[in-house]
Amino acid sequence: MQTSGVFEISKELRERFALSSSVLVLTGAGVSAESGVPTFRGGGQTAIWKGMPFDVISSARMVERDLPAVWEWFDYRRNLLEKLSPNPAHDAMARWQARFSDFTLVTQNIDGLHQRAGSRDVLELHGSIWRARCNGCGSLTELHSQDNDERPPVCFECGNSKRPDVVLFGEMLPAGVFERAVERATRCELCFVVGTSAIVYPAAALPEIARSSGAYLVEVNPERTPLSSICDEVIQGKAGEILPFFDQ
Ligand code: OAD
């Protein structure tokens with residue numbers, strides 16, 4: 001057992017980390033907490049934007065009712081995010097992609113911090129705040145923090161309005177991405193679940209699928225979650241303090 005004084009990584013997990021070739025990591029808002037991004041449920045905060053609760057302004061209904069207001073909210077968040085940086089947990093996972101021959105990073109986060117740390121081919125279950133999607137033809141465009149386009153922006157291809165390419169309350173996941181994540185979860189040998197309350201489905205099903213397909217399941221979170229009881233190991237603590245320990 002290796003211990004930092006606060007948390008412990010078992011000898012078995014160290015050996016599995018050294019010997020596994022197929023690894024999957026599922027991340028949630030907690031992985032960006034040490035970068036300064038508020039979690040959804042961890043802090044007990046209820047975000048209010050101009051009098052509207054977070055789940056109202058971030059809803060499919062609001063896209064239909066007031067798309068410019070939805071843009072204003074996501075522009076505000078993008079501008080805040082631009083000032084934040086990836087933390088040691090993002091950095092560690094970016095290093096892991098070179099270490100394992102079959103590495104998959106699946107995230108519920110839309111903040112783009114994994115990519116800014118150097119992760120590639122991230123499976124973004126809930127989309128990205130750094131992309132816009134056309135309501136008509138579905139074409140995607142990159143967004144920048146200081147985007148001075150009209151709101152809502154108009155698609156050059158078909159003339160329809162564009163919306164943020166994120167999954168809003170009341171919407172389905174983007175086609176194909178969850179299926180790819182399930183396929184990787186089924187074949188991984190080692191699965192980490194980092195910084196998610198594991199209550200939002202279908203994302204929370206991925207660790208269950210990995211575990212039932214024979215993977216060794218490890219949770220990294222300061223608090224216990226509904227997944228903790230099926231994990232082979234629960235490492236209680238902050239992702240930015242724990243994950244860098246694995247490649248030391
Ligand atoms: P939550 O806010 O539900 O959970 C964040 C988790 O991170 C909690 O379990 C915290 O204990 C944990 N945590 C906090 N700080 C941490 C740290 N430094 N290191 C590791 N863990 C830490 O966020 P998610 O589980 O990501 O969906 O929420 C899932 C989905 O719910 C979101 O993607 C969003 C929301 O509805 C959509 O917007 C579609």
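This is a predicted model: local features need pLDDT of at least 70, side-chain atom pairs count only at pLDDT 80 or more; totals for chains, interfaces and linings use all residues.
Me: Why are helix 7 and helix 8 called roughly parallel to each other?

Reply: Their axes cross at roughly 30 degrees and come within 8 Å. Angles under 35 degrees count as roughly parallel, over 145 as roughly antiparallel, 65 to 115 as roughly perpendicular and the rest as oblique, so helix 7 and helix 8 are roughly parallel. Residues are numbered from 1 along each chain as its sequence is written, and side-chain values use heavy atoms, with hydrogens and water left out.

Me: What makes the contact between helix 7 and helix 8?

Reply: Helix 7 brings Phe-178, Ala-181, Val-182, Ala-185 and Thr-186, and helix 8 brings Leu-206, Ile-209 and Ala-210. Contact here means heavy atoms within 4.5 Å.

Me: On to the rings. Why is the pair of Phe-17 and Phe-246 called tilted?

Reply: The ring centres are 5.1 Å apart and the planes sit at 45 degrees. Rings of Phe, Tyr and Trp (its six-membered ring) pair if their centres lie within 6.5 Å; planes under 30 degrees apart count as stacked, over 60 as edge-to-face and the rest as tilted. The 45 degrees is therefore a tilted case. Phe-17 is in helix 1 and Phe-246 in the segment after helix 9 (239-242), so the pair ties together parts 229 residues apart in sequence.

Me: What about Phe-17 and Phe-192, and which residues are in the cluster?

Reply: That pair is edge-to-face, with 80 degrees between the planes and 6.3 Å centre to centre. Phe-17 in helix 1 (residues 11-19) and Phe-192 in strand 11 (residues 190-194) are 175 residues apart. Ring pairs join Phe-17, Trp-96, Phe-100, Phe-103, Phe-192 and Phe-246 into a cluster.

Me: How do you know whether Phe-156 is buried or exposed?

Reply: Buried means under 20% relative accessible area, exposed over 50%, partly exposed in between (1.4 Å probe, protein chains only). Phe-156 has 83% relative accessibility, so Phe-156 counts as exposed. Phe-156 belongs to the loop between strand 9 (140-142) and strand 10 (162-166), and Lys-162 lies over its ring face, 5.9 Å from the ring centre. (A charge sits over a ring if NZ of Lys or CZ of Arg is within 6 Å of the ring centre and within 35 degrees of the ring normal.)

Me: And why does Trp-130 count as buried?

Reply: Trp-130, part of strand 8 (residues 127-134), has 14% relative accessibility, so Trp-130 counts as buried.

Me: What makes Ala-198 stand out?

Reply: Phi of Ala-198 is near 55 degrees, a positive value in a residue other than glycine. Most residues other than glycine have a negative phi, and most peptide bonds are trans. Ala-198 sits in the loop between strand 11 and helix 8 and, at 5% relative accessibility, counts as buried. Thr-225 touches Ala-198, along with Thr-196, Ser-197 and Glu-219, leaving aside residues up to four places away in sequence.

Me: Which peptide bond is cis in that loop, and what is its omega?

Reply: The bond from Tyr-201 to Pro-202 is cis, with omega near 10 degrees, and Pro-202 is in the loop between strand 11 and helix 8. Arg-151 and Pro-152 are also joined by a cis peptide bond, with omega about -5 degrees.

How values were computed
Helices (H or I, at least four residues) and strands (E, at least two) are DSSP runs, numbered from the N terminus. Axes are lines fitted to C-alpha atoms, for helices over the stretch in contact, and angles run from 0 to 180 degrees between N-to-C directions.
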